[in-house]
Amino acid sequence: MRAYYSTHKHIRLFVLGTPEGWHVGLYDIQQRKWTDLDTSLQDTLKEAKADAQKKAAAIFGSRTPELKWH
């Protein structure tokens, strides 16, 4: 399993890789709970990261800057 994460303001974006595909999840650091934990799979890492940024932008109401993934 592989995992990547990025933090923007108080939301941490996770992209988790499994043999089946890539999962995307958003975690609110201040409230200490999952904001959006998607059960669908993305085929590629690039699609999963783009999906995570899109979901974060929906939460903040604006486009997120280019994120640095760890």
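Let me start with R32, which sits in the loop between strand 3 (21–28) and strand 4 (33–37), where helices (H or I, at least four residues) and strands (E, at least two) are DSSP runs numbered from the N terminus. Please keep in mind that this is a predicted model, in which local features need pLDDT of at least 70 and side-chain atom pairs count only at pLDDT 80 or more, while totals for chains, interfaces and linings use all residues. Residues are numbered from 1 along each chain as its sequence is written, and side-chain values use heavy atoms, with hydrogens and water left out.

R32 is not a glycine, and yet its phi is positive, at about 55 degrees. Most residues other than glycine have a negative phi. R32 is also exposed, with a relative accessible area of 69%; buried means under 20% relative accessible area, exposed over 50%, and partly exposed in between, with a 1.4 Å probe and protein chains only. K9, in the loop between strand 1 and strand 2, likewise has a positive phi, near 55 degrees, and K9 counts as exposed because its relative accessibility is 63%.

Stepping back to the whole chain, we have one helix and four strands, and along the sequence they follow the pattern β-β-β-β-α. For 70 residues a compact globule would have a radius of gyration near 11 Å, and the chain agrees with this, having 11 Å; that radius is taken over C-alpha atoms, and the globule rule is 2.2 Å times the number of residues to the power 0.38. The C-alpha trace spans about 30 × 25 × 20 Å along its principal axes. Of the 70 residues, 36% count as buried, and the chain exposes about 4,700 Å², of which carbon and sulfur atoms supply 50%; these areas come from the Shrake-Rupley method with a 1.4 Å probe, and for residues only the protein chains shown count as cover.

Which residues, then, show us the buried side of this chain?

S6 is found in strand 1 (residues 2–8), and a polar atom of its side chain lies 3.0 Å from the backbone oxygen of K68. Contact here means heavy atoms within 4.5 Å, and, not counting residues up to four places away in sequence, S6 touches I11, R12, L13, L67, K68 and W69.

V15 lies in strand 2 (residues 11–18). Leaving aside neighbours within four places in sequence, the contacts of V15 include Y4, W22, L45, A48, A52 and W69.

V24, in strand 3, has its C-alpha atom 5.7 Å from that of F14, ten residues away along the chain. Beyond residues up to four places away in sequence, V24 touches several others, among them F14, L37, A48, A52 and K55.

To put such contacts in the context of the chain, residues 24 or more positions apart account for 32% of the contacts with a separation of 6 or more.

Terms used: Polar contact = N/O pair within 3.5 Å; in protein donor to acceptor, adjacent residues only side chain to side chain.
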